Amino acid sequence: MKFLKIQTRYIPLMATAAVFALLYIIGLSSFSNFGSLGVFVNLFGDNAFLGIAAIGATFVILSGGIDLSVGSVIAFTSILIASLLDKGFDPGTAISISLLFGICFGASMGCLIHFFELPPFLVTLAGMFFARGLGFLIHPQSLGIKHPFFLNTVGDSLPVKLSNGVEIPFTASCFIAALILALIIAHMTGFGRNVYAIGGNEQAAKLMGVRIGATKIMIYTLAGFFSALAGVVFTLYMQSGNPSSCVGLELDAIAAVVIGGTLLSGGVGYLAGTLLGVLVLGLIQTLITFHGDLNTWWTKIVIGVLVLVFILLQNLVTKMTKKRIKST
Amino acid sequence: MGKTVELLEAKGIVKTFPGVKALSGVDFSVSAGEVHALMGENGAGKSTLVKIITGVYRKDAGEIIFNGKSISPGSTLEAEQCGISTVYQEVNLVPELSVAENICLGRQPKKLGFISWGGVRKRAVEALKRLELDIDVSKNLSYYSIAIQQLIAIARALDIDSKLLILDEPTSSLDEKEVAELFKMLKKLRGQGLGIVFITHFLDQVYQISDRITILRDGGKVGTFEAARLPRLEMVGRMIGKDPEQVKSMEKKREIRKVAGKEFLKAEGIGRKGMLFPMALEIREGEIIGLAGLLGSGRSETARMLFGVDPSDSGKLSIGGADTDISSPKKAVKNGIAMTAEDRKVTGIISDLTIRENIVLALQARAGAFRTYTLKEQYALADKFIKALGIKTPDADQLIKNLSGGNQQKALLARWLAMEPRLFMLDEPTRGIDVGAKAEIEKVMDELCEKGMALLFISSEMEEVSRNCDRVMVLRDRRKIGEISGEDISLQAIMKMIAE
Amino acid sequence: MEEKQKIFRDNIFKRLFWPLMALGLLLLFNLIFTKGFFHIEMRDGHFYGTLLDILNHGSKVMILAVGMTLVIATKGVDLSVGAVMAVAGAIAALLIVQVESGWIFVQGCTLGGLVPFLNAHHMSWFLPALAAIMISLVAGLWNALLVAGFRIQPIVATLVLMVAGRGIAQLITDGQIITFTNRGLTFIGNGHFLFLPFSVWIALGVFAIVAIAVRKTALGLFIESVGNNETASFYAGIEAKTIKGFTYVVCGLCAGVAGLIAASNIKCADSNNAGLYLELDAILAVVIGGTSLNGGRFFLAGSIVGAILIQTLTTTMYARDVSPHVAAVPKALVIIIVCLLQSETFRRKAMGILKTFKNK
């Protein structure tokens, strides 16, 4: 019983790890070259933008909120960068402007949510429409990027070379850097802990002196920043901007967070879990690609089922915790 | 009493909420090294006073002098900075964070701007050491029992070098052993020169721990007494607004009614873990039964249990001789039981619906969605009760939230009377209602009891209970401690039983 | 008595005033600036014109909004309706192809007397349509189970089907876009009946059935009661679980009907795009119609007006050569403005600011 007590809060996280391991073993046993380092590294590279978006979503969900604008903001940033470069701006300026946009966009959503007590899902829904439309307003179609800096990120200079010809793509490095940044924010700053506190029990947090409003606005600002950063990485990955890309990506991001063991009601969760969640989604994609015969729609069904399983698991864990408190 | 320097001195505190004067010029003082109990029934103004001292509310008038300085905290944070910390009834910590984090949240020790986790743990261990608590601070708060959580909350409160500790009903979810432990701790803290304000409604506990007792009633101060010189009976009397002389001199003005009704409900050993100790009870048709006891004695809990809101988890219950299981209000309603609960706004009115809709609701719920009462029937019903109960409204189509409290209460009575209940439980039916409405309600109830409806009446106005009831069940500390019936019922008898 | 019913009617009118006003302004704008917006002509005994297009294209959101209104009235939300539309369309398209190829005929012979009736040529649309409705019923029950049974927050619970639904739809169609030409099935979204597009009649029918079902029984009262104060409703003996579950089932059914129309409109099942983002339009229509996201009082007629308003806005922008994608920007602004106007906090703060201005 004592063993059980200690472990309950880690059950979802362990389940995620188990799912990841299971998928990996399935891959290893089915396909000969699945175990190569290249496949593993690409898991990071190909899902970097989803991963970064999921990091932002983790903060929002930890606080008990939700952000539906992720996919649209990514699409908007990508077309913004592409058209800025097209107009002759240098990459540094273009990326800074787009990150700044993400920050302002997130902050304004945060303000609407906090000051007027509007439901987050509605505000970010409007944000989703808004950013999507704005993207089309800038440039209605896909726009390729010719700038050497962008080409280099997939070329020779920026990726980190590993042994036996495998190299870590630049996007993967960005993902890992963003993850480290997020870990520092979540675990080493007062703000990060306040996010957990608000999600766990907003009333208590307030009585404990946490400034709810400032923290909430900051959370959506941070999420806006990570969405924009995901947009930058997406642009690097695609080498083009497209206002109609990433439709529904917010759902994948939320799914990754949930599968990663973060409680959708807030307060409990781990960025490490989100990393695992993103990798699980990536593995499913890879497996289906490897298989060749299976169609991509299986991805959605499997993700849906996994989300459901994890939500039910969370419910169970919450109930177990409550029961234990009552019985003691 | 010698003129000691008071740690906290609140003078002439006034606080008005829209429509209610919550505090009308209350004085309250606490000296260093004492445990001061703050007592009073619902609506006495205890929590308002505490919330003003801790910065949750702002006072309208008056002055608070703390440690020799006049203060006016605008938030809990400011109050804490002055040295006043509070531990609330419900543990107000974050269950899914570690103990250490809960103690240090918002004031974590930092290195180079980043949280120093070593520092957090060290500080938490030190804070707990003061309470002689040696636990693993890296575990989640929810890992520990409520009692330990309560102590952790106190540790957090003391962590910031506070001089005044306010405990708002800290013992309501603790068992006896845990209470004893908590009190040991409080005595130790008192020895260290801390001022402690202790709010509770458990009488035994008040005498166990406090040096002085301040009693509030209806937003005013009844008085401050030394615990050792305040007999229990007198305290109970003062809390319900009677001084000892008054109680003795009160004549019995009641006539004994003949209760010849058949047995309606009989229960044995029904109770609910953590809420109510098992009890036996019996209710006859046409009988008016009072539940007497102080706040927290279990009087409302009994009604909630019988109505299936918090169903009993032991014993058995029969209605009209047949074994019945009341596991939800729906089942209670089916068995002819009705109830208006204490908190009208939360459990009673559906604020955005009209008076008519509120009145037909229970009847319609019992009939099911498809046996619909026509608009005509609904209006007839609503108009009948508006007239019978004297609900002051232009018509039945007004939203119920626009009515005054008394009229809302009448509309709720109408909701239940419409289904012609056989047992009607009224929890504080007359709170916040003017005298006229009160009399009207009492009259209607009397008439219905003549016709065989049983009535279970709960009120903190013990005088009301003793005046109106045929039989009184007395509760204390979540336990039924006795029954008084017929001619033996008097305010004094009830109070004696409670104070014993 | 009659007077009271008049008050009742007045209240409805008051609620509809703002959405109708906005609709009126939008139409006035078009009357002045958009050429031919009000042009209606009669061909083959049916009316054609921009206004009728609005009704025709708006019918899907109208139907979704009817179901969504009930869900939102219980303080919930159903994000899965778009995906359910895709599933319903996919099932209908799959079956119609198989019915027409005769596969179902062989399978169905054992069913006895009913089969000849269903296999009659003019009834071939019946089985696919019925199957689409049935699967959306299952979807509704599923959401009801998660929300009412397992007590999962509605946003989260319906997210599951929102994610997986499109996958299921694609699984049904094997990832293909299934086209069909069946006259019965294409009639649903393209035919005309009594001067008007048939889909408009369907929308009116759904509205009428649901309105009668909730307003002529006590269901509507229970829904409003549960949405407004669940605890007090529980104390009054109402089973909140059943009521909540019921609304999700109705919402699922509405999504199924809308999905049929969507598939019929384009004569194919496109699992990727059918009903995409329509859940958002439906929520918006409900909110514009005066039903609060906090639950309680609901206004089915308001939601219908809201749906027409949204479609008019969209059509106006198309008519003015704004690309459909850019049209999302004003839509977003409308959402925020409507929500701000409904927000008690916003009104209070705005009033406060106005007052300080006046004092100066």
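Just after helix 14 of chain C, Asp321(C) takes a positive phi of about 65°, where helices (H or I, at least four residues) and strands (E, at least two) are DSSP runs numbered from the N terminus. The model is predicted, so local features need pLDDT of at least 70 and side-chain atom pairs count only at pLDDT 80 or more, while totals for chains, interfaces and linings use all residues. Residues are numbered from 1 along each chain as its sequence is written, and chains are lettered from A and ligands numbered from 1 in the order in which they are written.

**Chain C: helix 14 and overall make-up**

- Helix 14 of chain C covers residues 300–319, and its 20 residues should span 28 Å at 1.5 Å a residue, which agrees with the 28 Å between its end C-alpha atoms; the expected span is 1.5 Å times one less than the number of residues.
- Helix 14 of chain C is mostly covered, with 15 of its 20 residues buried; a residue is buried if 20 or more other C-beta atoms lie within 10 Å of its own, exposed if 12 or fewer, and partly exposed in between, with C-beta atoms placed from the backbone.
- Chain C has 16 helices and 6 strands, and buried residues make up 52% of its 360 residues.
- Of the contacts in chain C with a separation of 6 or more, 79% are accounted for by residues 24 or more positions apart; two residues are in contact if their C-beta atoms, placed from the backbone, lie within 7 Å.

**Chain C: helices 9 and 10**

- The axes of helix 9 (residues 198–215) and helix 10 (residues 219–228) of chain C come within 5 Å and cross at roughly 80°; axes are lines fitted to C-alpha atoms, for helices over the stretch in contact, and angles run from 0 to 180 degrees between N-to-C directions.
- The contact is made by Ala213(C), Val214(C) and Arg215(C) of helix 9 of chain C and by Leu219(C), Gly220(C) and Ile223(C) of helix 10 of chain C.
- These contact residues divide into 4 nonpolar, 1 polar and 1 charged; Ala, Val, Leu, Ile, Met, Phe, Trp, Tyr, Cys and Pro count as nonpolar, Asp, Glu, Lys and Arg as charged, and the others, Gly among them, as polar.

**Contacts with chain A**

- The contact between chains C and A takes 33 residues from chain C and 36 residues from chain A.
- Helix 7 of chain C gives the most to the side of chain C that touches chain A, with 12 residues, and by class this side has 23 nonpolar, 8 polar and 2 charged residues.
- On chain B, 21 residues are in contact with 22 residues of chain A, and helix 2 of chain B gives the most to the side of chain B that touches chain A, with 3 residues.

- Chain B is divided into domain 1 (6–247) and domain 2 (263–499), with bounds that come from an automatic or database domain assignment.
- The C-alpha centres of domain 1 and domain 2 of chain B lie 34 Å apart, and 12 residues of domain 1 of chain B are in contact with 12 residues of domain 2 of chain B.
- Helix 15 (residues 405–417) of chain B has 13 residues and reaches 18 Å from its first C-alpha to its last, close to the 18 Å expected at 1.5 Å a residue.
- Helix 15 of chain B is mostly covered, with 12 of its 13 residues buried, among them Trp416(B) and Lys410(B).
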